[in-house]
Amino acid sequence: MLVHLFTIQVLHSQISSIEKQATTATGCPLLIRCKNFQVIQLVIPQERDCHDVYISLIRLARPVKYEELYCFSFNPKLDKEEREKGWKLVNLSEEYNRMGIPNSYWQISDVNREYGVCDSYPTEVYVPKSATAHIIVGSSKFRSRRRFPALSYYCKDNNASICRSSQPLSGFSARCLEDEQMLQAIRKANPGSDFIYVVDTRPKLNAMANRAAGKGYENEDNYSNIKFQFIGIENIHVMRNSLQKMLEVCEMKSPSMSDFLWGLENSGWLKHIKAIMDAGIFIAKAVAEEGVSVLVHCSDGWDRTAQVCSVASLLLDPHYRTMKGFMVLIEKDWVSFGHKFNHRYGNLDGDPKEISPVIDQFIECVWQLMEQFPCAFEFNERFLIHIQHHIYSCQFGNFLCNSQKERRELKIQERTYSLWAHLWKNRADYLNPLYRPDHRQIWGTLHPQMAPCNFLYKFWSGMYNRFEKGLHPRQSVTDYLMAVKEETQQLEEELAVLGERLANLQKLQLNGNKVKSKQQDRSKELALSASSNSLANTPQEYSNDLKSFPSRSPSQGDEEDSALILTQDNLKSSDPDLSANSDQESGVEDLSCRSPSAGGCLPSEDSGKDSDEAVCLAV
Amino acid sequence: MEFAELIKTPRADNVVLHRPFEPAVEGTLCLTGHHLIFSSRRQDNAEELWLLHSNIDSIEKRFVGSLGTIVIKCKDLRIIQLDIPGMEECLNIASSIEALSTLDSVTLMYPFFYRPMFEIVEDGWSAFLPEKEFEFLNALTDEWRLTYINKDFSICPSYPPVVTVPKSIDDETLQKVAVFRHGGRFPVLSYYHKKNGMVMMRTSQPLTGTNGKRCKDDEKLINSTLGPGRRGYIIDTRSLSAAQQARAKGGGFEVEVYYPQWRRIHKSVERFNILQESLIKLVEACNDQSHNMDRWLSKLEASNWLTHVKEILTAGCLAAQCIDREDASVLVHGTEGTDSTLQITSLAQIILDPDCRTIRGFESLIVREWLQAGHPFQQRCAQSAYSNSKQKWEAPVFLLFLDCVWQMLHQFPCSFEFNEHFLVTLFEHAYASQFGTFLGNNENERSKLKLPQKTMSLWSWVNQPEELKNFKNPLFEANSLVIWPSVAPQSLQLWEGVFLRWNRPSKFLDEAQEEMRKIISDNRVLQEKLWDNSYFLSPFDWLPKEAVSYKLRSALCFCPIAG
């Protein structure tokens with residue numbers, strides 16, 4: 001059994017919790033819950049062995065040094081040059097150039113070089129031209145963790161922008177001239193509008209409580225021409241508990257429909273997803289329709305702010321809905337602006353109260369949008385699932401540490417590989433077959449529906465029950481369509497070859513039979529490849545089997561085709577092999593739903609809820 | 001014409017039509033005997049809305065000054081609003097619609113007046129005759145026969161004239177068995193599983209009563225369908241306690257002692273007003289425009305609709321599982337055998353039999369297992385989710401069945417020849433239609449109404465090639481296997497295509513469908529082109545049969561030999 005664990009390859013970094021359960025006649029069960037929502041039960045015959053495994057796994061699952069993480073030993077056999085090229089795939093200054101920046105309103109500032117002003121910000125920060133270093137530094141002193149307002153997205157059509165920061169240290173009455181000037185500068189950078197929105201993504205109560213600690217939110221009277229708006233997204237502790245409750249629902253053994261729906265509602269998860277989405281929609285609307293710039297913040301400006309800015313950018317700009325663009329988006333709004341990946345996803349052993357599914361929620365928002373706009377995204381669900389997996393896997397260096405500064409100190413780019421290059425190399429697996437660059441659905445701003453009855457926010461079983469294959473649709477439309485498209489492409493090539501041959505033939509007919517023998521060679525070759533195709537298609541009519549589908553194609557290279565669809569990657573959410581799924585084996589078990597036993601709750605997180613209100617002051 | 005008396009104001013101008021997600025339009029409203037017609041007068045974008053009166057489930061009117069507003073709620077769950085200037089006009093129109101949408105005589109319904117504008121290629125009324133179906137069966141087994149014992153509907157008023165019964169049982173015995181079964185619905189064959197020769201039969205509850213009456217002929221019939229050493233399962237769609245209570249009213253269940261080879265399973269499926277209530281609550285939740293997520297989920301949960309879907313689908317899977325996996329025959333019944341029984345027998349067939357997943361096969365299934373089997377469509381579908389009448393016999397039994405089929409379609413998107421639109425269309429026509437197919441409660445009533453002579457069949461229209469293409473699933477690849485759906489709550493979803501149909505903009509989803517069609521058709525076009533080219537290049541020489549799709553292969557037979 002132990003051996004089995006390592007053959008199914010659960011990365012230690014994926015282990016979320018390990019629970020020793022009561023010994024049974026067959027042995028001592030260990031329940032392992034993973035951060036990618038896999039649940040594994042191991043039954044180890046000897047109690048003592050079980051304890052040893054338990055102790056080792058606990059230690060291994062909680063590394064204390066970055067050097068212990070997988071990415072420092074992971075070697076995909078690429079040379080140095082390829083590694084460097086991989087890291088250069090996503091380039092943020094190119095991205096700001098694409099937005100049209102620097103321009104006459106915005107410039108790159110070197111005020112944060114050597115991380116002198118804010119250690120969780122990148123060195124290259126984009127700010128309004130009229131914001132002098134004095135203003136920036138002054139403003140930074142008036143903001144939590146010195147996270148001053150900086151540009152996240154710029155809309156070159158109407159000059160409206162999305163900026164981000166942390167909360168102001170306003171307390172009950174404090175003011176800061178430079179901060180007021182900073183906001184004024186942001187407004188001036190958008191000459192078409194005479195005010196800016198300041199969006200505080202926290203619930204009003206939380207923001208007010210923060211004032212007692214000398215933090216808080218902008219007073220509309222002190223800032224000229226701002227419109228202040230609360231959008232109540234809950235804090236990381238609420239979200240952590242919510243996810244845990246939802247996962248308990250996912251783990252239920254044969255739940256009734258009511259159990260499930262009630263549990264889903266009770267977890268509040270979809271409510272939180274909707275809150276994040278609503279905030280993104282609000283900002284996208286302000287930018288696209290009203291042409292008004294928006295400053296977004298929460299407490300520290302690295303969780304909710306990142307979620308909301310990236311959802312808004314995704315709605316506004318079709319570029320972020322492409323595969324490359326999405327990588328850039330995560331790099332821009334999450335990695336560069338100091339989202340605390342290490343703390344939030346527990347890469348190193350740390351405070352369990354810091355852990356929270358912040359980026360998971362963003363990824364789910366994207367999935368919900370994909371459900372509403374099926375043609376608008378270049379990538380498919382699998383792309384999102386693999387990104388989520390690698391945020392926790394620590395196999396690639398991208399998401400290590402809590403800030404750019406830490407990553408530079410660790411020399412991540414010299415010692416590890418980039419996930420983006422890995423995904424890009426396998427991009428054929430991640431394409432949405434319905435995406436067409438010339439399709440009008442991909443243009444412009446997306447306007448999602450907001451009411452639950454207009455657009456259903458759905459439970460994402462592809463993510464949270466990802467390893468319960470029996471629960472998913474048995475046939476994947478995406479894989480099917482990709483196979484068809486691929487075949488179409490082969491047919492095109494084939495046709496081109498034939499066309500050529502036809503033309504030659506006509507010429508040759510004039511020239512007599514000279515080349516006849518050559519033609520026969522070619523015939524043999526094709527017949528050969530087709531007969532190997534027919535192997536898959538022979539005995540009786542197995543026409544139902546999708547695997548046999550590509551064999552309809554009279555082309556070579558079928559082996560490669562099916563390999564492409566059935567890559568060994570065990571993460572693949574959908575199995576295109578219909579026969580395996582719809583044959584007799586699958587059905588009966590499904591009647592009784594799922595097998596993993598419903599355990600208790602995660603042991604480490606009990607205390608989180610009670611201290612919620614207290615902690616929200618700090619976060 | 002008699003409708004004229006009901007139409008007090010046949011026409012109103014300057015009426016404003018409001019629909020969700022579309023701008024309000026001004027136009028003219030006309031009432032005819034069967035339709036409410038709204039036509040906008042805008043030259044650039046003239047459009048007409050035709051609404052069957054029989055599609056109207058309820059109507060509300062209110063006034064602001066002299067401007068009257070009528071809210072019309074339809075059986076297909078759509079809600080439209082009409083602003084009609086003039087109090088009198090508005091009142092007249094409202095009362096006319098009310099009267100016309102609640103006509104009590106079937107023969108006044110639109111199907112009796114509808115004249116098709118299309119040419120009938122194949123008459124749907126005679127497309128699915130029991131005799132033809134029996135021919136297929138007879139080719140596989142000789143243990144069954146057709147009986148005409150019910151030809152004048154005297155033995156069982158809710159059965160068709162012809163049914164399939166075990167060959168060894170004569171009509172005299174059947175007559176005795178019919179007396180022992182509720183409504184005379186003696187056990188008949190519903191499905192024969194080619195793979196192992198197991199069968200599914202359906203019936204109604206046995207009338208054992210409190211003193212445990214027996215019927216030797218009933219036992220003989222049921223036992224005769226199992227060979228020696230074979231087992232069978234009786235699936236009772238009621239809970240054990242409900243079945244026990246039924247004895248007090250003269251009903252009951254089979255006592256296993258008398259049916260030694262059979263085991264009884266109680267698989268409770270809800271019925272009647274509980275289902276209707278569930279539908280009403282669900283639709284109410286779907287029309288709640290609030291932006292509150294919690295409220296939505298709790299309302300969805302409280303409606304219990306998905307619970308019913310899960311129960312019914314599970315029961316269908318169970319029946320299929322007994323037949324395919326346990327090598328056992330199955331007998332299904334509840335009380336009357338006209339509702340939950342049919343849900344289960346038809347779902348089991350879709351799971352087991354790939355033919356039922358084709359358009360033609362599914363139509364045949366609806367005809368056999370619903371229309372001929374005597375599901376009282378007219379009673380059940382008299383009203384839908386907005387009705388206030390709350391009659392006991394109204395229940396969305398058929399809609400629940402379609403929902404279960406949609407769940408399977410969702411889980412096996414490439415295994416069905418038809419698409420979601422086909423299921424939605426069947427739902428619409430079961431509630432309001434220009435076709436006579438779903439009128440009446442059984443074959444007896446249909447023959448009295450002379451529906452085949454006087455009305456058009458839905459199938460005649462659906463099966464025209466130009467209509468049929470709208471119902472085809474582009475992803476279909478024939479799948480000869482048994483399909484086992486998942487019934488876990490995570491796998492079951494709200495059928496948005498029906499319940500959120502009018503509440504969400506469908507543009508993006510329609511575009512996705514269009515894109516799928518395009519991808520598939522691009523492929524087909526190229527295949528054909530390649531075939532043409534290669535054929536021209538050297539017929540039969542190098543291009544082996546396996547290299548082209550079966551369609552092209554069959555086309556091969558008709559290709560002229562190139563010179």
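This text walks through an annotated region and a strand pair in chain A, then a helix pair in chain B. The structure is a predicted model.

The annotated region comes from a UniProt record. An unreviewed entry assigns "domain: Tyrosine specific protein phosphatases" to residues 267-311 of chain A.

Elsewhere in chain A, strand β6 spans residues 150-154 and is mostly covered, with 5 of its 5 residues buried. Its partner is strand β7, residues 161-165 of chain A, and the two pair in the antiparallel sense over 4 bridges. Within this pairing, A:Tyr153 is opposite A:Ile162 of β7(A). The two strands form a hairpin with 6 residues between them. In that hairpin A:Asn159 adopts a positive phi, near 65 degrees.

Chain B supplies the helix pair. Two packed helices are described by the angle between their axes and the distance between the axes. Here helix α11 (residues 359-372) of chain B packs against helix α14 (residues 420-431) of chain B at an angle of about 25 degrees, and the axes are 12 Å apart. Because angles under 35 degrees count as roughly parallel, α11(B) is roughly parallel to α14(B). The crossing of α11(B) past α14(B) is right-handed. On the α11(B) side, the contact is made by B:Ile359, B:Phe362, B:Glu363 and B:Ile366. On the α14(B) side, B:Phe422, B:Leu423 and B:Leu426 make the contact.

Definitions and conventions. Residues numbered from 1 in each chain as written. Chains lettered and ligands numbered in written order. Predicted model: local features only at pLDDT ≥ 70, side-chain atom pairs only at ≥ 80, totals over all residues. Heavy atoms only, no water. UniProt positions renumbered as here; feature names shortened; annotations may be inferred. Buried < 20%, exposed > 50% of the residue type's maximum accessible area, 1.4 Å probe, protein only. Pairing = 2+ DSSP bridges. Axes fitted to C-alpha atoms, helices over the stretch in contact; angles between N-to-C directions. Parallel < 35°, antiparallel > 145°, perpendicular 65-115°, else oblique. Left-handed = near helix turned anticlockwise from the far one by under 90°. Contact = heavy atoms within 4.5 Å.
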